Amino acid sequence: MIKVDPEKCLRCGACFRDCIVEVLKPDEQGFPSLAPELEKYCLNCQHCLAVCPAGALTCHGVTPEQCQPIGELPPPEMMGNLVRQRRSIRQYENENLAPETLVQLKKILAWSPTGCNVHNLIFRMVDDKEEMEHFRREMSESLKFYIRTGLMGLMYPGFKRYMKEVLNGKDVIFRNAPHMIAAFVPKNAPCAEADPWIALSYFDLYAQSLGVGTCWSGFAVHAFKWNRRLKKKLGLPKGYRIGAILLFGKPAVTYQRAAAPENYLVYS
Ligand SMILES: Cc1cc2nc3c(=O)[nH]c(=O)nc-3n(C[C@H](O)[C@H](O)[C@H](O)COP(=O)(O)O)c2cc1C
């Protein structure tokens, strides 16, 4: 599972010093080695592969040549602008994003960290606005049913102030977005609460850098829970739950300034 090329290895120890579970250890000659009985503890985090200055390590079949070389990072000022200028977008153009953009967005999903490095999230992207329209219509009908029968007030009192808007046909769940992405998480994942939000937060910032607008939808997470048929249409696998949902598409609004939020209390 971890292979070392002795011709290239400098025996510098960078790989085993960075092994989080300390399963990679030097052998008698100083080459990194992973004892068979410790293999099961390897998280496949690939730190050893990433840190090796000589490109001597192959981890779980991934070679240094298959890895992307280290590229330039955005300078802090630009990164700060990205964070400060991100806004929840609730006005979208009624059009699909370009297929290349959707591919770029899908590819970034593999890169978010997960607790214990399990990487067992499943993502469902609605990449066609017609399908989104279908979800919008069906969800609206189901919400109206719950509101009219009085069930909504019992199930989700927090939704009370939006009921009138729903009955008037406003899409408070999907905000008229042409696309959405849902992160499905195994119910027994070690960090089931955090993983979906982190993954879609990375997706969120990357999307903004591509000029794509986004909006979290906590409402959609709830609303799918109440609609088994739509949950099935979304393709939620058995043993998983919807962890987080992000709406996205081409924004139909431009912001002129980064409005200052209230300061958080930060202790030091
Ligand atoms: C966990 C979470 C759930 C949210 N759910 C919704 C939602 O269901 N509908 C919505 O329009 N906005 C939702 N938002 C967006 C917030 O309302 C939004 O961040 C807030 O209005 C501030 O605007 P900003 O994101 O532009 O700074 C959610 C945000 C978070 C972090």
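Visitor: How many bridges join strand β6 to β8?
Guide: Strand β6 spans residues 179–186 and runs antiparallel to β8; strands (E, at least two residues) and helices (H or I, at least four) are DSSP runs numbered from the N terminus, and two strands pair if DSSP finds at least two bridges between them. This is a predicted model, in which local features need pLDDT of at least 70 and side-chain atom pairs count only at pLDDT 80 or more, while totals for chains, interfaces and linings use all residues. Residues are numbered from 1 along each chain as its sequence is written, and side-chain values use heavy atoms, leaving out hydrogens and water. For β6 and β8, the number of bridges is eight.

Visitor: Which residue in β8 is the bridge partner of Thr214?
Guide: β8 also runs antiparallel to β7, and four bridges join them. For Thr214, the partner is Phe248.

Visitor: How many of the 10 residues of β8 are buried?
Guide: β8 covers residues 240–249 and is mostly covered. Buried here means under 20% relative accessible area, exposed over 50%, and partly exposed in between (1.4 Å probe, protein chains only). The buried residues of β8 number eight.

Visitor: Why does Leu236 count as partly exposed?
Guide: Leu236 sits in the loop between α10 and β8. Its C-alpha is 9.4 Å in space from that of Ala182, although the two residues are 54 apart in sequence. Leu236 counts as partly exposed because its relative accessibility is 21%.

Visitor: How much of the area that the ligand exposes when taken alone does the protein bury?
Guide: Residues around the ligand (a heavy atom within 4 Å) include Arg175, Trp197 and Phe219. Ligand oxygen atoms make polar contacts (N or O pairs within 3.5 Å) with side chains of Ser88 at 2.5 Å, Arg87 at 2.6 Å and Arg90 at 2.7 Å. Taken alone, the ligand exposes 620 Å² (Shrake-Rupley, 1.4 Å probe), and the share buried by the protein is 61%.

Key: A polar contact is a pair of N or O atoms within 3.5 Å; within protein, one must be able to donate a hydrogen and the other to accept it, and residues adjacent in sequence count only if both atoms are side-chain atoms.
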